[in-house]
Amino acid sequence: MKKFLFLFLSLLFTHAAIAQLSPTETKIIEHIDSSNPQAIKLLEKIVNINSGTMNFTGVRQVAETLLPEFIQLGFNAHFEDGSVFNRAGHLIAELRGGSGPNILLIGHLDTVFAANSPFQQFKLLDNNLASGPGISDMKGGDIIILQSLRALKAAHQLDDMNITVVMTGDEELSGRPLALSKKALIDAAKWADIAIGFEDGDGKPTTANISRRGTIDWTLTVKGIAAHSSQVFSKSVGAGAIYEASRILNSFYQQLRSEPLLTFNPGRMMAGTDVTNEKSTNTGTTFGKNNVVAQSAIVTGDIRSLSLEQLNRVKEKMRRIVANHLANTNSEIEFGEGYPPMAPTQGNKKLLNLYSQISEDLGQGKVVAVNPLDAGAADVSFTANDVEMALDGLGLSGSGGHTVNETADLSALPAQSKRAALLLYRLKQ
Ligand SMILES: [Zn+2]
């Protein structure tokens, strides 16, 4: 099926310039308008269920509220328990209709707002503006997925499609190991030709994500020889752990800073005679004296990169810098489990062009790519390397994500549902 996809897309783009809404497309968008009040009600209902990532009961309750909606549309849908990765679990819904491309739609059920957060309720601020925990990140996006599928169903266009919906329960605080918590997504991506994420992106309806930087953590551990400070730099004592750690960090700064769209940041450093590092709480202790050459240093940080190729190249450079030890010191760098980058591939650009054309056909204007520097890793990143095309940020526009000032533009709910529905429809043609 993958082989035919590009053939069909090139045909599609030839006609895109003269595209008008077909009668079927008109039917699809009319259904979105007529069912909008019901969609807002459902959004309000799921926003009012606290689903902070570690509130497993709440996350599951959001899934149980949405599951019947998918079943009603003819999907096989269930909640997959996440206890093996210490999270609530994921909603998975599958429709196997027939001939179109295999499409993966990505949402998430959890929010950053814990059960004891003061921010718990959906609140209408004016006709078009509402606030609530997770309203744009990303319960609004979940509703857009549903609205687009419902409209396709109403226009008799859904039954022959091949769609998998994965709504994870731990996007905001992923369960570990990632190999288990991201398995449902990765498995679905291996099946899919196209992956579409409904995160709120940068909050603007005029942009979408064709790339997201990946992120991994690193830990630098440095050893020196403890001795009286009067002997520092001597043949038998050497430079000590703090000078060695400083050399390494300064070399990272000097040698890697020019990499385009790469950032690397040391976030925490403990150094002295004795140090401890508490990974789980991001804390540590140090003991050392001014008249003692430092014996230990630990530095932890992250790297954000645009592609796997860049990440591997940078890791190699960092390892080489680390290995170039000062006298009588030793150091090693360890790279942690991370989020893969979503590179800006040709396929992703084509999918964005198709989406942008639809937006223009709907009178909503062009959609352009978000600057990857402004886009962190998200669930779609785990799928991007296994599909021909991926696009994210098709969710509900809003602002103030991850804060108690999170709001959503409710007028964007039908507008963005229409774009999503027509994207799925035209992908099937
Ligand atoms: Zn999100």
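Domain bounds in this predicted model come from an automatic or database domain assignment.

**Figure 1. The two domains of the chain.** The assignment divides the chain into domain 1, made of 2–212 + 342–428, and domain 2, which covers 214–335. Between the C-alpha centres of domain 1 and domain 2 there is a distance of 40 Å. Where the domains meet, 7 residues of domain 1 are in contact with 5 residues of domain 2. On the side of domain 1 that touches domain 2, 4 residues are nonpolar, 3 are polar and none is charged.

**Figure 2. Helix α2 and its two faces.** Helix α2 consists of the 12 residues 23–34. At 1.5 Å a residue, these should span 16 Å, and the end C-alpha atoms are 16 Å apart, which agrees. The buried residues of α2 are Glu-25, Ile-28, Ile-29, His-31 and Ile-32. These residues lie on the same side of α2, because they cover an arc of only 150 degrees around the axis. Pro-23, Thr-26, Asp-33 and Ser-34 are exposed and sit on the face turned away from the buried side of α2.

**Figure 3. What covers helix α2.** The buried residues of α2 are covered by elements including α3 (36–47), α5 (135–154) and α11 (412–428).

**Figure 4. An open sheet of 4 strands.** The strands of this open sheet follow the order β4-β5-β18-β17, and their pairing is antiparallel. β4 (123–124) and β17 (398–399) each have a single partner strand and stand at the edges, so one side of each is left without a neighbour in the sheet. Strand β5 (residues 129–131) and strand β18 (residues 407–409) run antiparallel and are joined by 3 bridges. In this pair, Leu-129 stands opposite Asp-409 of β18.

**Figure 5. Strand β7 and its parallel partners.** Strand β7 covers residues 194–197. From β7, Ile-194 and Ile-196 point one way, while Ala-195 and Gly-197 point the other way; all are buried. Strand β3 (residues 102–108) pairs with β7 in the parallel sense over 4 bridges. Within this pairing, Ile-194 in β7 is the bridge partner of Ile-103. Strand β16 (residues 389–391) also runs parallel to β7, and 3 bridges join the two. Here the bridge partner of Ile-194 is Met-389 in β16. Ile-194 therefore has a bridge partner in this strand as well as Ile-103, and strands of a sheet in general pair through backbone hydrogen bonds.

Definitions and conventions. Residues are numbered from 1 along each chain as its sequence is written. This is a predicted model: local features need pLDDT of at least 70, side-chain atom pairs count only at pLDDT 80 or more; totals for chains, interfaces and linings use all residues. Two residues are in contact if their C-beta atoms, placed from the backbone, lie within 7 Å. Ala, Val, Leu, Ile, Met, Phe, Trp, Tyr, Cys and Pro count as nonpolar, Asp, Glu, Lys and Arg as charged, and the others, Gly among them, as polar. The expected span of a helix is 1.5 Å times one less than its number of residues. A residue is buried if 20 or more other C-beta atoms lie within 10 Å of its own, exposed if 12 or fewer, and partly exposed in between; C-beta atoms are placed from the backbone. The arc is that of the directions from the helix axis to the C-beta atoms. Two strands pair if DSSP finds at least two bridges between them.
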